[in-house]
Amino acid sequence: MLRIAVCVSGGGTNLGAIYDALDSGIIKDAQIVRVISNNQGAYALERAKAHGSDAICVSPKNFENRDLFNAALLDALAECKPDLVVLAGFLVNVPECIINAFTNRIINIHPSLIPSFCGKGYYGLKVHEGVLSRGVKVTGATVHFVDAGIDTGKILSQKAVYVEDGDTPEVLQRRVMEQAEWIILPDVISKIASGDIKIG
Ligand code: GRF
């Protein structure tokens, strides 16, 4: 049984897609053992509690400095003994101590076709604002391993989504979520649980 810890910061729609895939059997032989947010007000924590998951907040506001926050985040992850850590809308740069503790065991969903519109400063709506201002006709989402860089780890899955005339960043974000993120993230987790994608 694959033990999954999910890190979230916001609405948790990607977390919701994972729960739906677990409930429907798309993801087999896996369980979410903990949901961790850096944001006490994240609706993702409400989603986790509604599914009976262990849901906790580790907020940098509660620590004197970043090193203490990083250590607490590592402890919160190590404590639940996950096989896989999923960053699902997690807006924290993962510290080296966690990358080293979970090498090739952390995956992230990014709302563009990496290597476009990724890296420092590209997160959430900013990604879609960049896509629209550049005028590209096709965007999408990417699931990748997390390494010491920002959005630089090995790409595991991608799905393209058309940009449509008149799109706003919010409309495009929703389409990328519906047509790409909520499909490829559960699919990659399913492949990891079945052994088709190797971790560790
Ligand atoms: C989404 O755009 C996701 O791609 C990005 O964070 C945003 C919010 O995700 N990583 P969620 O609704 O909290 O899953």
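This is a predicted model: local features need pLDDT of at least 70, side-chain atom pairs count only at pLDDT 80 or more; totals for chains, interfaces and linings use all residues.
I started at Arg 66, which sits in helix α3, residues 66-79. Residues are numbered from 1 along each chain as its sequence is written, and side-chain values use heavy atoms, with hydrogens and water left out.

**Entry 1: around Arg 66**

My cut-offs: buried is under 20% relative accessible area, exposed is over 50%, and partly exposed lies in between (1.4 Å probe, protein chains only). Leaving out residues up to four places away in sequence, I saw Arg 66 touch Pro 60 and Val 92; contact means heavy atoms within 4.5 Å. I also checked Arg 66 against Ala 180: they are 114 residues apart in sequence, and their C-alpha atoms are 33 Å apart in space.

**Entry 2: salt bridges**

How many salt bridges does a search of the whole structure find? I got seven, where a salt bridge is a side-chain nitrogen of Lys or Arg within 4 Å of a carboxyl oxygen of Asp or Glu. A reminder to myself: side chains of opposite charge can pair when their charged atoms come close.

I looked at Arg 34 with Asp 54, whose closest N and O atoms are 2.5 Å apart in a salt bridge. This pair links distant parts of the chain, 20 residues apart: Arg 34 is in strand β2 (residues 30-37), and Asp 54 is in the loop between α2 (43-50) and β3 (55-57). Arg 34 is buried at 10% relative accessible area, whereas Asp 54 is partly exposed at 31%.

Next I turned to Glu 79, which also forms a salt bridge with Arg 34, the closest N and O atoms being 2.7 Å apart. Here 45 residues separate Arg 34 in strand β2 from Glu 79 in helix α3. Glu 79 is exposed, with a relative accessible area of 56%.

**Entry 3: a pair within one helix**

My last pair was Arg 174 and Glu 178, a salt bridge with its closest N and O atoms 3.0 Å apart. Both lie in helix α6 (residues 169-194), and because they are four residues apart, about one helical turn separates them. Arg 174 is partly exposed at 42% relative accessibility, and Glu 178 is partly exposed at 40%. Back at Arg 34, I noted that salt bridges with shared partners join Arg 34, Asp 54 and Glu 79 into one network.

How values were computed
Helices (H or I, at least four residues) and strands (E, at least two) are DSSP runs, numbered from the N terminus.
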